[in-house]
Amino acid sequence: MDKNIVLVRETDGRHGGIDMNEFFTQVPPELMPVFRENIAIPWYREPAFRSVSVSSIVKACELGDPMSQDMARLNSLNTKLQRIHRRAEVDITCIDVIDSFSCAMKVVFLIAGFAQFKS
């Protein structure tokens, strides 16, 4: 299996951060190739720089940006809802949308409805 190795190094001495040259003296010889082939991403705790560290880690992990992905999904859903609303001859409700597009939400509403009647 191909796995990405992402090295993150602490930069704050209060949390164990040390100089990279000193760090390399502590790395076992059999692991040195890993450290030569991968750049260690510096971890900055200061809020002004933390987002850069997090973005670098996400990019190195090839995860993508979850916020961008969520925004793309929301925009896509908004476009679909606008099309539905334009085509509807009468006003539609959220229940109509759920009924048309989301089997999972139908189950949630069904279970919630039964739970409400039991109490």
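**Figure 1. Serine 53, a buried residue of helix 3.** At 2% relative accessibility, serine 53 counts as buried, a class defined as under 20% relative accessible area, with exposed meaning over 50% and partly exposed in between (1.4 Å probe, protein chains only). Serine 53 is placed in helix 3; helices (H or I, at least four residues) and strands (E, at least two) are DSSP runs, numbered from the N terminus. Leaving aside residues up to four places away in sequence, serine 53 touches Ile41, Pro42, Trp43 and Tyr44, where contact means heavy atoms within 4.5 Å. The model is predicted, so local features need pLDDT of at least 70 and side-chain atom pairs count only at pLDDT 80 or more, whereas totals for chains, interfaces and linings use all residues. Residues are numbered from 1 along each chain as its sequence is written, and side-chain values use heavy atoms, with hydrogens and water left out.

Figure 2. Helix 3 covers residues 47–60 and includes lysine 59. At 1.5 Å a residue, the 14 residues of helix 3 should span 20 Å, and this agrees with the 20 Å between its end C-alpha atoms; the expected span is 1.5 Å times one less than the number of residues. Lysine 59 counts as exposed because its relative accessibility is 69%. Although 53 residues separate lysine 59 from valine 6 in sequence, their C-alpha atoms are 9.9 Å apart in space. Glutamate 62 follows helix 3 and has a positive phi, near 55°.

Figure 3. Side chains of opposite charge can pair when their charged atoms come close. A search of the whole structure finds two salt bridges, each defined as a side-chain nitrogen of Lys or Arg within 4 Å of a carboxyl oxygen of Asp or Glu. In one of them, the side chains of arginine 45 and glutamate 10 meet at 2.7 Å, N to O. Arginine 45 lies in the loop between strand 2 (41–43) and helix 3, and glutamate 10 lies in strand 1 (residues 8–10), so the pair ties together parts that are 35 residues apart in sequence. Arginine 45 is partly exposed, with a relative accessible area of 32%, while glutamate 10 is buried at 17%.

**Figure 4. The salt bridge between arginine 14 and aspartate 12.** The side chains of arginine 14 and aspartate 12 meet in a salt bridge with an N to O distance of 2.5 Å. Arginine 14 counts as exposed, at 72% relative accessibility. Aspartate 12, by contrast, counts as buried, at 11%.

Figure 5. Threonine 11 is found in the loop between strand 1 and helix 1 (20–26). With a relative accessible area of 29%, threonine 11 is partly exposed. Its contacts, not counting residues up to four places away in sequence, are with Gly17, Pro42, Trp43 and Tyr44. Threonine 11 and isoleucine 41 stand 30 residues apart in sequence, and their C-alpha atoms are 9.8 Å apart in space.

Figure 6. The structure holds four aromatic pairs; rings of Phe, Tyr and Trp (its six-membered ring) pair if their centres lie within 6.5 Å, and planes under 30 degrees apart count as stacked, over 60 as edge-to-face and the rest as tilted. Tyrosine 44 and phenylalanine 49 form a tilted pair, 6.1 Å centre to centre with 55° between the planes. Both partners are partly exposed: tyrosine 44 has a relative accessible area of 32%, and phenylalanine 49 has a relative accessibility of 49%. Phe23, Phe24 and Phe35 form one aromatic cluster.

**Figure 7. The largest nonpolar core, with the chain as context.** Leu7, Val27, Met32, Phe35 and Ala40 are the five residues of the largest nonpolar core, a set of buried Ala, Val, Leu, Ile, Met, Phe, Trp, Tyr and Cys residues joined through side-chain atoms within 4.5 Å. Alanine 40 touches Leu7, Arg9 and Met20, not counting residues up to four places away in sequence. The chain has six helices and two strands, in the order β-α-α-β-α-α-α-α along the sequence. Of its 119 residues, 13% are buried. Residues 24 or more positions apart account for 45% of the contacts in the chain with a separation of 6 or more.
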